[in-house]
Amino acid sequence: LLEQGHNFKFTCSQVVQYAWLKEHYPELFEKMKRHIKKGNFVPVGGSWVEMDTNVPSSESMIRQFLYGQKFYREEFGVFSNILWLPDTFGYSGQLPQIMQQCGVEFFLSQKLSWNLTNTFPHNTFYWKGIDGSCVLAHFPPGDTYESNVTVKDILKSARNNKDQGRTHDHMLLFGYGDGGGGPTSDMVERLDRLQNVKGLPRIVRTGPTEFFETLEKGLLCEWWGELYFEMHRGTYTTHAKLKESNRRCEFQMTDLEFLSAIAAADKLPTASEVEQLWKLILFNQFHDILPGSSIEQVFKDAVHDYDNFAKEYTMIMDRMRDADDNTPVVVNPYNWKRAQVIETDKGLRLIEAQPMSVTPPKQIDVVPDKAGIFKLDNGNTCMCNSIIKCVFDAQGRMISLLHKPSKRECIPAGSYGNTLVIHDDIPLFWDAWDVMEYHLQTREVFEPRDLHVILEDPVRCAVRVGVDLGQWGNANVEVVLDAGCPYLKFKLEVSWSGKHKFLKVEFPLTVTAMEAEYEIQSGLVKRPTHFNTSWDSARFEVSGHKWAHLGEPNFGVGVFTKSKYGYSASSNKITISLLRSSTAPDANADIGDHVIEYALFPHVGALYTSAIARHAFDFNHSMTTILLPTSRVDENLELPVVIDSTDVIVQSVKPSEEGGGVVVRLYEPYGSTVAVPVNVKDGFKLYRTNAVEDVNKMENLELENVLKVKPFEIVTLLCSPHMIG
């Protein structure tokens, strides 16, 4: 149609599609580039794919823009200042800051028009993230991204605008989407005929950037925090193996890039190898792959991609070794001292590592705080260290969890921790996508059947509890307590055969709180534990990352997960969603064997003094032990910049995109303004830049060794031996 001279703007929002076109259809790609130059074919989005924003990490979302905008810049000489996510299943409260940090000003979606309970009150508004970052958002009032440009469509779009009086302009997206095809000649002809018809709104053909730039903005309302989607809550849990693989790969990239930044070997991964590994992760974060809402073949393709990632990652790590002389080292990419139990050829050992280091493991020979396990006179079994005392009855039910420093019992009398429950899961609409509130009325409890002590060691003790899931499978839970560890670990091995069932684990707690906190990308969000309003009750199932928490001002309890993203909290109970078993569009979703790890973390004091974010990283991302050339290890590997504070989290240390420097990305996790000591090696300059390392956005920092970080702020630092700018 464009070749025929029709006057309209065509948008394409996924960078990976342009890359496919370049690879497989180079002649068509060159023809498209000519229309991009003319301005009637408009690259939008700037992200590698239209990604999910509930499950991917903050670093993944930044890389979506880093590699997406890089392709746009190199191939077309353009930069997209619009994030285009019309079909994604809700939007993280950290997304406005990530957009701003990547140079993106505007946001387009329409998905919240599908809300099942509450009508979202705006079409055009300022969206503010959890840190206060602000972007201009527009939800086309036609409530679709594939209008046919009929009179009915145009009138609906005009009459449905919830911000009449604040701004009269709104966008109408037309053409066949959600499968492709674009506009037809009939649609374009109707557009020609209807653009100046009495009784209809005036139609102006314009590009998306021009639309946003010319909007009346003075009277627009603000919306703070997440854009929670009141449907498709099942996608936090469906296809567990994809979510497990995604998180594992994200952490492996943390190690790989840290080793590259610290120059741990001669044969480091090339920038191209790192980019290709990231793009494999990013592609599978598409909003129907990672959420688990695709057909079975897509699931198999994704598993194949993750297998390829594992092979490539292992090959690169092995390549770093010397042919003859190597030394075992532990990798700690984070800015705090860490200790963990590892298995060696001489048994279990407790080791520690300094912050942001690659060093030989330092064994703690004298363990002052041993883990112990013993039988009580009443037949119960007790596990304890200096922080936690956990008691199981003879059947294997957790009847007590005592936080010893505060002498606070965490499990209410007559209740049991680590309770596996199952619900009927028959949604009204889309099987893999949805879970309905009425599923909560079908709760069935599974009782443990036995308990066995499986490990007694000064640095670790463990028990195994068997649970019969009836016709839906079998399960064993290993409960593990390490010396000095402030949290109790659970490893659930389950053979799952349920259909239209929802498996969860519950922790009733002796904590009273009207809100629960949930980790999201580089921060947290608070959500109600009650159903006072329709907006509250709609949040019966929510997304979170590595931890969730219920707390009082002087005490709280958190849960950690290694691969789960669905949670709920009601009254004094936290629940982790473990497995679903939808049958469409994949008839075999989640059927099979799973290993699911989670933990329980009691603490004294407020959330921000609990170090919950650091402990959740420790639980999720154990220190990697590898072999590196002895000659390199003897050189005392170190970074040119060190973050000397535990008030922030260093989420990424990587070589700079332009080469020659090191990038350190950090964030404040609890919502406080903090002063962070930063030590820079002699001969290096420190710059603050945006998340995509734009050389035109560099700010030379005269720190006096202290960096001020605002609540939930993401900060990207570039340390270079060269003057920039």
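**Close-up 1. The lining of the largest cavity draws on H3, H8, strand S25 (515–520) and strand S35 (649–655).** Each of these elements supplies at least two residues of that lining. The model is predicted: local features need pLDDT of at least 70, side-chain atom pairs count only at pLDDT 80 or more, and totals for chains, interfaces and linings use all residues. Residues are numbered from 1 along each chain as its sequence is written, and side-chain values use heavy atoms, with hydrogens and water left out. Helices (H or I, at least four residues) and strands (E, at least two) are DSSP runs, numbered from the N terminus. H8 gives the most to the lining, with 7 residues. The cavity has a volume of about 330 Å³. A cavity is a set of points, on a 1 Å grid over the protein atoms alone, where a 1.4 Å probe fits but cannot get out; lining residues have an atom within 4 Å of a point. Grid points are joined across faces, edges and corners, and a volume is the space filled by probe spheres set on the points. Of the 25 lining residues, Ser57, Glu59, Phe251, Lys546 and Phe617 lie nearest the centre. By class, the lining has 11 nonpolar, 8 polar and 6 charged residues. Ala, Val, Leu, Ile, Met, Phe, Trp, Tyr, Cys and Pro count as nonpolar, Asp, Glu, Lys and Arg as charged, and the others, Gly among them, as polar.

**Close-up 2. The second largest cavity holds about 70 Å³ of space.** It is lined by 14 residues; Asn54, Ser92, Ile520, Arg527 and Ser543 lie nearest its centre. S25 and strand S26 (523–528) each give two or more residues to this lining. The lining has 3 nonpolar, 8 polar and 3 charged residues.

**Close-up 3. Helix H8 (residues 240–261) crosses helix H9 (residues 271–283) at roughly 160 degrees.** Their axes come within 10 Å. Axes are lines fitted to C-alpha atoms, for helices over the stretch in contact, and angles run from 0 to 180 degrees between N-to-C directions. H8 is therefore roughly antiparallel to H9 (angles under 35 degrees count as roughly parallel, over 145 as roughly antiparallel, 65 to 115 as roughly perpendicular and the rest as oblique). The crossing of H8 and H9 is left-handed (the near helix is turned anticlockwise from the far one by less than a right angle). Asn246, Cys249, Glu250, Met253, Leu256 and Glu257 of H8 meet Val274, Leu277, Trp278 and Ile281 of H9. Contact means heavy atoms within 4.5 Å. The contact residues of H8 and H9 divide into 7 nonpolar, 1 polar and 2 charged.

**Close-up 4. Helix H3 (residues 58–76) crosses H9 at roughly 115 degrees.** The two helices are therefore roughly perpendicular to each other. This crossing, too, is left-handed. From H3 come Glu59, Ser60, Arg63, Gln64, Tyr67 and Lys70; from H9 come Val274, Glu275, Trp278, Lys279, Ile281 and Leu282. These residues divide into 5 nonpolar, 2 polar and 5 charged.

**Close-up 5. The axes of helix H1 (residues 15–24) and H3 come within 9 Å.** They cross at roughly 45 degrees, which makes H1 oblique to H3. The crossing of H1 and H3 is left-handed. Val15, Tyr18, Ala19 and Lys22 of H1 touch Gly68, Phe71, Tyr72, Glu75 and Phe76 of H3. The contact has 6 nonpolar, 1 polar and 2 charged residues.

Terms used
1 Å grid on protein atoms, 1.4 Å probe; cavity = no way out; pocket = protein on both sides within 12 Å on 5 of 7 lines; lining within 4 Å.
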